[in-house]
Number of protein chains: 2
Amino acid sequence: MSQENAILIGKKPPMNYVLACLTAFHEGADEVVIKARGRPISTAVDVAEMVRRKFMPSASISEVTIGTEEIQLREGGVKRTSSITIKMRRKK
Amino acid sequence: MSQENAILIGKKPPMNYVLACLTAFHEGADEVVIKARGRPISTAVDVAEMVRRKFMPSASISEVTIGTEEIQLREGGVKRTSSITIKMRRKK
């Protein structure tokens, strides 16, 4: 399967996102992409580490990138937030 | 200069760490390593992005790695925390 499984991390408990990752892998995804903006960035790292260490040792982190996203505000102007993208792959 | 300039991100305002990075580069460092554990991980990403985008366009992010660190507790047992390491380099 080559579709991208993207999981956007928000304010829910980390285990919710861990389960979303595990479900995507169990449904046959080769790659799961974990994304976060702002404060939840640290949760994104927790989620990736929990998946890899506790639940799916066959999964590994293939790439981590950071960046800045610009959000257009309705009242005009732009707001910049840091972002992270963590790519996880399952070894065959 | 080949020494490693490591900056550990904590709970101070992000600008404190941005200044620490800029100072290290201005003192001749080719590489600055930004590290954080737990909640300040998102601040670490903010700091790297601010250095690169606002203050030093000649600096770029050369590597981002995430991991888990184990801290031995005095009362016995271990505590695990997620960590991030962001390497920044200055283009010559």
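The model is predicted.

Let's start with chain A. Four strands form an open sheet here, in the order β1-β2-β4-β3. The pairing is mixed. Look at the edges. β1 (5-8) and β3 of chain A stand there, each with a single partner strand, so one side of each has no neighbour in the sheet. On average, neighbouring strands are turned by 20 degrees against each other, direction ignored.

Now go inside that sheet. β2(A) and β4(A) run antiparallel, joined by seven bridges. One pair to click on: V32(A) has M88(A) as its bridge partner in β4(A).

Something from the other chain sits on this sheet. Which strands of chain A does α2(B) touch? They are β3 and β4 of chain A. The helix direction makes about 60 degrees with that of β3(A).

While we are in chain A, find R89(A). Its side chain forms a salt bridge with E31(A), and the closest N and O atoms are 3.5 Å apart. This pair links distant parts of the chain. Over all chains, a search of the whole structure gives 14 salt bridges.

On to chain B. Its open sheet has four strands in the order β1-β2-β4-β3, with mixed pairing. At the edges are β1 (5-8) and β3 (59-72) of chain B; each has a single partner strand, so one side of each is left without a neighbour in the sheet. The twist from one strand to the next averages 20 degrees.

Strand β2 (residues 31-37) of chain B and strand β4 (residues 78-90) of chain B pair in the antiparallel sense, over seven bridges. I34(B) has I86(B) as its bridge partner in β4(B).

The chain's own helix α2 (residues 41-55) lies across β2, β3 and β4 of chain B, running at about 5 degrees to β4(B).

How many residues does each chain give to the contact? Chain A gives 22 and chain B gives 22. Between them the chains bury about 1700 Å². Of that area, 53% is on carbon and sulfur atoms.

Next, the polar side of the interface. There are four salt bridges between chain A and chain B. One of them joins the side chains of D46(B) and R39(A), at 3.9 Å from N to O. Eight residue pairs are in polar contact across the interface.

Which elements of chain A supply the side that touches chain B? α2 (41-55), β3 (59-72) and β4 (78-90) of chain A each supply at least two residues. The largest share comes from α2(A), with nine residues. Sorted by class, this side of chain A has eight nonpolar, seven polar and seven charged residues.

Technical notes: Residues numbered from 1 in each chain as written. Chains lettered and ligands numbered in written order. Predicted model: local features only at pLDDT ≥ 70, side-chain atom pairs only at ≥ 80, totals over all residues. Heavy atoms only, no water. Contact = heavy atoms within 4.5 Å. Buried area = accessible area lost by both parts, 1.4 Å probe. Polar contact = N/O pair within 3.5 Å; in protein donor to acceptor, adjacent residues only side chain to side chain. Nonpolar A, V, L, I, M, F, W, Y, C, P; charged D, E, K, R; others polar. Pairing = 2+ DSSP bridges. Axes fitted to C-alpha atoms, helices over the stretch in contact; angles between N-to-C directions.
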